[in-house]
Each structure stands twice: as C-alpha cells, then as structure tokens.
Amino acid sequence: MSDALARVTAELANAESRPGQQQMADLVTAAIDQRRHLVVQAGTGTGKTLAYLIPAIEADARVVVATATKALQDQLATKDLPFLAEHLGRDFDWAILKGRSNYLCLQRLRETTGAGQGELELETMALTTKVEIKRLAEWATTTSTGDMAELDWTPSDQAWRSVSVGSDECPGADRCPLGDPCFAEQARRRAAAADVIVVNTHLYGLNVASGGAILPEHEVVVFDEAHVLEDVMS
C-alpha cells in the first residue's frame, strides 16, 4: 500500500510526505483484509480521501463511499476519482448515484413544456421561471447525466421542480414512457456496473431501510464525515 500511495501522491502539486495519511491507509488496508470495522479521526490536511480510496480500490472489492454533503460527493466525482483513474495504474470503474430529484426528469420536462396542461402551467409562471425552464430544456439535449450539479448556473427551486421528480412521484422505469433514456435510471445502471459507487449518507440510509433495493451488493462501505452518521441514519 505504501508504494501505491507514494506513487499517486507524488503526482500531486506540492507533493509532500504525510505520515498520518500513510498510517490511515495502512489501517484501512488491514480493516478490509480482516473484514472488520474501523473508525478514523484525522485532521484537516491529512489527505483522508486518498487514504481510504486507494486501499479500497487495491483490494479489488466493490466499495460504496457515502458522503454527508453533495459538495464532497461532487469533489470525489470531479477531482479525486478522475485523478486516481489517471495515476493509480489500475483499471476501475466508478459512478456517482444521487437521489432521483437531483436528475432532470425527461417525462416531467415533456409534460411541463408540451401542449395541454403543461402549457397552461407554464403560462402561470413568472417570466424568469419560463426562461430557466427553456434553458433546462436546451441543456437536456446536451447533458449526458442530467445531474443538476453539472449546471454552471443555479436554477430556481420552482424551475427545477418543474423538470424533476422525487422517488414518491416516479411511476418507475417500466411504467414511464421515457423510462429507458431516464437520467436517474442511467445513473443506477452505471452504479450497478461500477467498482466504486459514491452516494450521500441519506441515500445509503434509504438503501438499508429498503433491504438493499437501491444499491448493488458491495463488500466495503466508507462513511466519510461519519460524525453525522447517527443523526442521518436515525
């Protein structure tokens, strides 16, 4: 594990030796090998993300990383995992899976912008909301994920609600006219095939409550920012 960590961290800007990071990586490796729980408290600047990701990937185990915030989830997606894919020297697939309301719903968009009831609904909206929905409709033709985090602007709550659905509103892929190209369903399919799946702690809690209906089988789970775990799970 020392070699893999050293090889990766050497590629970082202003690379430096971090004994705490190495110690944490060794502890994570041992916990995975021995199939036991581990709680780690480490200060800012330790490099915790690489200290748990590298051992998990090197273990050839399917791992779920549950984060307390979307900000950390997006950091893993846009920075840490792409960096590891480039420098770790090991092939692995990773995916980000969020709650359904984080993805644009193609059917909801069709209903909102189409003729009939959707057209009447649009007429009652503020002009700025209509403009935002039009921008979202244009984005829907170019995005590969439909994930709101991909936007370089922040739509209003009303605009986003007009083009998205929660899990309780979704009829399911089999009963939806656009179930096959659905962005949320695509994200679930990518997660089912991935070696590393990044979710938020709330979604992991829903997976536990549903008896494992949301996430694929996995051997390792990492709760980053675990100090909020008890409250979220409760």
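## Cavity

A cavity is a set of grid points where a 1.4 Å probe fits but cannot get out. By this rule the predicted model has one cavity of 30 Å³ or more. Rolling a probe the size of a water molecule over the atoms shows where empty space is left.

The largest cavity holds about 120 Å³ of space. Its lining consists of 16 residues, and those nearest the centre are R100, C105, V165, C170 and C182. Helix 5 (106-113) and helix 9 (183-193) each contribute at least two residues to the lining of the largest cavity. Sorted by class, the lining of the largest cavity has 11 nonpolar, three polar and two charged residues.

## Overall make-up

The protein chain has 11 helices and four strands. Of its 234 residues, 43% are buried. Taken along the principal axes, the C-alpha atoms fill a box of roughly 65 × 40 × 35 Å.

## Largest pocket

The largest pocket contains about 960 Å³ of space. It is lined by 28 residues, with L38, V39, V221, V222 and F223 nearest its centre. At least two lining residues of the largest pocket come from each of helix 2, helix 3 (48-58) and strand 4 (220-223). By class, the lining of the largest pocket comprises 18 nonpolar, four polar and six charged residues.

## Second largest pocket

In the second largest pocket there is about 490 Å³ of space. Its lining is made by 22 residues, of which R18, G47, Q75, K79 and D80 are the closest to the centre. Helix 3 and helix 4 (70-87) each supply at least two residues of this lining. Helix 4 gives the largest share, five residues.

What is the class make-up of the lining of the second largest pocket? The lining of the second largest pocket has six nonpolar, nine polar and seven charged residues.

## Helix 3

Helix 3 supplies lining residues to the largest pocket and also to the second largest pocket. How many of the 11 residues of helix 3 are buried? Nine of them are, so helix 3 is largely enclosed by the rest of the structure. The buried residues of helix 3 are T49, L50, A51, Y52, L53, I54, P55, A56 and I57.

One of these buried residues is I54. I54 counts as buried because its relative accessibility is 0%, and the cut-off for buried is under 20% relative accessible area. I54 and L84 are separated by 30 residues in sequence, and their C-alpha atoms are 8.0 Å apart in space. Just after helix 3, D60 takes a positive phi of about 55 degrees.

## Nonpolar surface patch

Which residues make the nonpolar surface patch of about 190 Å²? The patch is made by L27, L38 and V40. L38 is also among the residues nearest the centre of the largest pocket.

L27 lies in helix 2 (residues 19-33), and helix 2 supplies at least two residues of the lining of the largest pocket. L27 counts as partly exposed because its relative accessibility is 35%; that class runs between the cut-offs of under 20% for buried and over 50% for exposed.

Methods
Residues numbered from 1 in each chain as written. Predicted model: local features only at pLDDT ≥ 70, side-chain atom pairs only at ≥ 80, totals over all residues. Heavy atoms only, no water. Patch = residues over 30% accessible without salt bridge, like charges linked within 9 Å, V, L, I, M, F, W, Y side chains within 5 Å. Areas by Shrake-Rupley, 256 points an atom, 1.4 Å probe, with all protein chains shown as cover. Salt bridge = Lys/Arg side-chain N within 4 Å of Asp/Glu carboxyl O. Buried < 20%, exposed > 50% of the residue type's maximum accessible area, 1.4 Å probe, protein only. 1 Å grid on protein atoms, 1.4 Å probe; cavity = no way out; pocket = protein on both sides within 12 Å on 5 of 7 lines; lining within 4 Å. Points joined across faces, edges and corners; volume = space filled by probe spheres on them. Nonpolar A, V, L, I, M, F, W, Y, C, P; charged D, E, K, R; others polar.
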